[in-house]
Amino acid sequence: MMAVLLAFPSVLFLDGSNAANASHVQKAAEQRNIGVESFQVLELPINITNVSLVETDKGYLLKCSLANSSDSEILGLRYLLLLVDSNNVVRTAVARSEGFKLSGYAIKSVTFRNPLKLKLKRGVRLELMLEQVVGYESIWEVLKARQTLEAYSSGDYSMMPQVLRVSNQVDVPLRDLPLRFRIIY
């Protein structure tokens, strides 16, 4: 038993080089996450939660959880991200479109791969709102999204977003089109 106790510290010292590598890997995994407040639009079929920006060498990546509350597959979305200073003044607005597939009634955690080039200063908070959601059958568009989000970020909660839903004539699968609309060569 004494031999086991004496041999145990030597195992620790022999494995010390791997401990340094493990701490380096752990630091790489603990990338800087910056919290983003999300403004929910209840009429949209997508609910976005747990929003954060992950700092990388090329910029910031948007990381979030998406929940589809409709039975149709979602193909993508467009969001509006505002950088608001401590005086509630919008300093920067970024609109970005992202493509993905999310089945009906599914939940998915995603990190979008298009880096955002932002210069974040102290005291700046981030506000995000979905502007558009694209599905095979429909497109949901938030009217006056920027004005609504700017009002919300300044503390005016009286503006409610309005959503316009239109038929998606572009992304509808060919099998769902009536025969008279199909082009046959």
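Trainee: Which elements do the buried residues of H3 pack against?
Mentor: The buried residues of H3 pack against strand E2 (37-39), E5, E6, E8 and E9. Contact means heavy atoms within 4.5 Å. Buried means under 20% relative accessible area, with exposed over 50% and partly exposed in between (1.4 Å probe, protein chains only).

Trainee: What kind of model is this, and how are residues numbered?
Mentor: This is a predicted model, in which local features need pLDDT of at least 70 and side-chain atom pairs count only at pLDDT 80 or more, while totals for chains, interfaces and linings use all residues. Residues are numbered from 1 along each chain as its sequence is written, and side-chain values use heavy atoms, with hydrogens and water left out.

Trainee: Back to H3: which of its residues are buried?
Mentor: They are Ala145, Thr148, Leu149, Ala151 and Ser153. Just after H3, Gly155 adopts a positive phi of about 100 degrees.

Trainee: How many helices and strands are there overall?
Mentor: The protein chain has 3 helices and 10 strands. Both are DSSP runs numbered from the N terminus: helices are H or I with at least four residues, strands E with at least two. Along the sequence the pattern reads α-α-β-β-β-β-β-β-β-β-β-α-β.

Trainee: What is the strand order in the open sheet of 4 strands?
Mentor: The order is E1-E3-E4-E7, with antiparallel pairing. Two strands pair if DSSP finds at least two bridges between them. Strand E1 (33-35) and strand E7 (107-111) are the edge strands, each pairing on one side only.

Trainee: And E3 with E4: over how many bridges do they pair?
Mentor: Strand E3 (residues 46-55) and strand E4 (residues 60-68) pair over 8 bridges in the antiparallel sense. Within that pair, Ile46 stands opposite Asn68 in E4.

Trainee: New topic: which residues have the most contacts inside the largest nonpolar core?
Mentor: Leu53, Leu66 and Leu81 do, in a core of 37 residues. A nonpolar core is a set of buried Ala, Val, Leu, Ile, Met, Phe, Trp, Tyr and Cys residues joined through side-chain atoms within 4.5 Å. Elements giving two or more residues to this core include strand E5 (74-84), strand E6 (90-102) and helix H3 (145-153). The largest share, 8 residues, comes from E5.

Trainee: How much of the chain is buried?
Mentor: Of its 185 residues, 35% count as buried.
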